[in-house]
Amino acid sequence: MDFGFTPEQEALRREVRDFIAEHLTAEIVEELEGLTEGFGVSRSVGRGPLVSRLFDEIAKRGWLGISYPKEYGGQDGDRITQYIVEEEFARVGIAVGLAGSGAPAILAAGTEEQKRAFIPKLISGEYSFALGFTEPQAGADLASLQCRAVRDGDDYVINGQKMYTSAAHTATHVYLMARTDTAVPKHQGISIFLVPMDTPGLTVRPLWTIQNEPRAPLGTTYGAYRTNETFFDDVRVPKTTLLGKENEGWGVGSMGLNLDRVGAARYLISVRRDEDIVNWVKTNRFDGYSPADDPAIRDKIAELWIEAQVCRLMTMRSMSIVEHGGHFTYEGAAEKIWAPEHGVRTSEAITQMLGPYGQLLNGSPYAVEKGIFAHNLMGAFQSGINHGSVQVMRDQVARRGLGLPSARRAGRPEAGR
Amino acid sequence: MKATCPVCGKAVDEAAARTKTGETAHGAQEVDPAKGTRQFHGGRWVYFDTLGCRTKFMARPDAYPSLGGA
Ligand SMILES: Cc1cc2nc3c(=O)[nH]c(=O)nc-3n(C[C@H](O)[C@H](O)[C@H](O)COP(=O)(O)OP(=O)(O)OC[C@H]3O[C@@H](n4cnc5c(N)ncnc54)[C@H](O)[C@@H]3O)c2cc1C
C-alpha cells in the first residue's frame, strides 16, 4: 500500500501549479467571475475570450480527458494523473473534469456512434449536460419519476417535468431519466436519453437559490445561483438518443451518479475554505491581536484539518477503485456524506472565528475575502442535498455497506438513491 | 385555454404559463415563472394558480382523486 504519488505525478502537479500561476491573471479571474454560472467555471459554460484562450492552452498540454481513450479525444492516461490535474484546477475554481453523468456513462453504456459523437466534444467543452433526474415528487425516491418517454416508430415522445435541472440554461444537452414502461416495478421501467436542448417542446424556467443576490465570488463552495425547472411537452427525439438499453436506465444512471458523488471537485468544494482560513489566520493581525495565537482558533483549525484529511483519503480511495476498474456504491455515498457535512461544520466554525464580519456578503466594503466565507455558509448546505441527500446516502451505506435490510417507514417511500 | 386549479378552483391561463419569453444558451425556450405554474402528474399536465397551490397539492396528491395517477 502506497499513499504517495510517483515522482512523475508530483512533477506534473508542479507543472500544473506553475501553469496556473503564470496564466491565471487578474483579468482572467475578472472574466471568470463575470461568467460563472456558479458551478466552478467549466469550459463548457459560456466562455469569454480570455477563458477560451486559457482552455486552449490547457488542451494543448494534453490535460483534458487524460484517462479517456485516444480514439474518443482522450490521452489514454490513468485516472490518478487526471485527478491531479483536476485537483489543481478545482483549487482555483476551474472545472477541467467531466461529470460522471455524461462521458463515463456514455463510455460504459453508449453505442459506438454515441461515443464518437459525444465524448470528444464533452472533453473539448463543446458539449455539456444538465442532469435531468429530479422531479417535483421524485427526489430522494427518484425511481418514482413520472416523466414518460413513449416509443413512436423510430422516435420517442417525451412528456414530463424535471426540477432543479441545474445548468439547463447553459448546457447543450440534458441527460434525462424518463419512464419507458409503467407496467413493471418502478426501478425497471426507466431509461436514459441524451436530449439536445434545442429540441422543440423543451422549456426551461429559472429557480433562484439562496446564492442568488449578491452573486457568490469565484471559488465559493457550490454557489449555484440559478437552477431550473424543465418541462417536456411532446418532445420528439430519435431512438438513437437512448443511452444503453430501454428500461435499463436505472443501472446506467446510478453508475454515473456514483461518480458524480466523488472526485476532486467534490472534495475541494468541501475543504478549500479550510485552507483559506488557515492563510487568513496566519496573515491577519488586528491592534496587536493575532488570531493565530488564539487557543480556541488554533484548536478549531487543527480539528478541521484532520477532518479535511479524511475527505481527501476517501477521495483517493474512490479514485483508486476507479483506476483499478472497480465500481463503488456505498463508498461514494459515504464520501458524499462526510465531505458536504464537513463543509457545513467548517463554514459554521469559520463564521464564528470571523465574528460579524464573517456574515457579510460579496459587495459589502467590510466583507472578508469578497464575502466568500459567508457565501460558503449558505452554499455548504446545498452540497448536502444535490446528487443525493446525506440522509439517502446514509441509507445506502446502511444497506449496501453494512448489509442492513431496506428501511420501510409508514408514510415514507423507500429511499431510492 | 383555461384550466382549473385543483386546489383553489381558480381559472389558470395555460397559454400564459407556456409563452416563450427567451431562449437558453443552446436553444431551449424559456418562460416567465410568474405566469402560472404546472406539474406533470399521472401522465398529464395539471395547472395551478400559484406555487402555494402546487405545494399543497404535492404534499397530498391523494387528496385530489379526480386527477388520478400515482
Ligand atoms: C442546488 C441544487 C441543485 C440541484 N441540481 C440538480 C440537478 O442538476 N439535477 C437533478 O436531477 N437534481 C438536482 N438537484 C436535486 C437533488 O438531487 C434533490 O433535491 C435531492 O435528491 C432531494 O430530493 P427532493 O428535493 O425531492 O427532496 P425529498 O425527496 O422531498 O426529500 C426531502 C428531505 O427528506 C429526506 N428524506 C427523503 N426520504 C428519506 C428517507 N427515506 N429517509 C431519510 N430521509 C429522507 C431527504 O434527505 C431530504 O432531506 C439539486 C438540488 C439542489 C438543492
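**Exercise 1. A pair of strands in chain A**

How many bridges join strand E4 (residues 148-152) of chain A to E5(A), and in which sense do the two run? Find a partner pair too, then look at the turn.

*Solution.* Keep in mind that you're looking at a predicted model.
- Step 1: Count the bridges. There are 5 between E4(A) and E5(A), and the strands run antiparallel.
- Step 2: Pick a residue and look across. A:Arg148 has A:Asn159 in E5(A) as its bridge partner.
- Step 3: E4(A) and E5(A) make a hairpin with 2 residues between them. In that turn, A:Gly153 has a positive phi of about 65 degrees.

**Exercise 2. An enclosed strand**

Work out how strand E7 (residues 190-196) of chain A sits in the structure, and which strands it pairs with.

*Solution.* 
- Step 1: Check burial. Of the 7 residues in E7(A), 6 are buried, so the strand is largely enclosed by the rest of the structure.
- Step 2: Look for one neighbour. E6(A) pairs with E7(A) in the antiparallel sense over 7 bridges, and here A:Val174 stands opposite A:Val195.
- Step 3: Look for another. Strand E10 (residues 242-243) of chain A also pairs with E7(A), antiparallel, over 2 bridges. A:Phe193 has A:Leu242 as its bridge partner there.

**Exercise 3. Where chain A meets chain B**

Describe the contact between chain A and chain B: its residues, its buried area and its polar links.

*Solution.* 
- Step 1: Count who takes part. Chain A gives 26 residues and chain B gives 25 residues.
- Step 2: Get the area. The two chains bury about 2,000 Å² between them, with 48% of it on carbon and sulfur atoms. On chain A's side, A:Gln137, A:Gln146 and A:Arg205 lose the most area to chain B, together 30% of what that side buries.
- Step 3: Count the polar links. There are 18 residue pairs in polar contact between the chains, and 4 salt bridges cross the interface. One of these joins A:Glu229 to B:Arg54, whose closest N and O atoms are 2.8 Å apart.
- Step 4: Name the elements. Strands E5 (155-162), E8 (202-208) and E9 (226-238) of chain A each give two or more residues to the side that touches chain B.
- Step 5: Sort that side by class. You get 11 nonpolar, 9 polar and 6 charged residues.
- Step 6: E8(A) and strand E4 (residues 29-31) of chain B pair in the parallel sense over 2 bridges, and B:Gln29 is the bridge partner of A:Thr203.

**Exercise 4. A glutamine in a helix**

Is A:Gln82 buried or exposed, and what does its side chain reach?

*Solution.* 
- Step 1: A:Gln82 lies in helix H4 (residues 79-91) of chain A.
- Step 2: Judge burial. A:Gln82 has a relative accessible area of 6%, so it counts as buried, the cut-off being under 20%.
- Step 3: Follow the side chain. It comes to 3.3 Å from the backbone nitrogen of A:Ile66.

Note on methods:
Residues are numbered from 1 along each chain as its sequence is written. Chains are lettered from A and ligands numbered from 1 in the order in which they are written. This is a predicted model: local features need pLDDT of at least 70, side-chain atom pairs count only at pLDDT 80 or more; totals for chains, interfaces and linings use all residues. Side-chain values use heavy atoms; hydrogens and water are left out. Contact means heavy atoms within 4.5 Å. Buried area is the accessible area (1.4 Å probe) that two parts lose on being put together, summed over both. A salt bridge is a side-chain nitrogen of Lys or Arg within 4 Å of a carboxyl oxygen of Asp or Glu. A polar contact is a pair of N or O atoms within 3.5 Å; within protein, one must be able to donate a hydrogen and the other to accept it, and residues adjacent in sequence count only if both atoms are side-chain atoms. Helices (H or I, at least four residues) and strands (E, at least two) are DSSP runs, numbered from the N terminus. Ala, Val, Leu, Ile, Met, Phe, Trp, Tyr, Cys and Pro count as nonpolar, Asp, Glu, Lys and Arg as charged, and the others, Gly among them, as polar. Two strands pair if DSSP finds at least two bridges between them. Buried means under 20% relative accessible area, exposed over 50%, partly exposed in between (1.4 Å probe, protein chains only).
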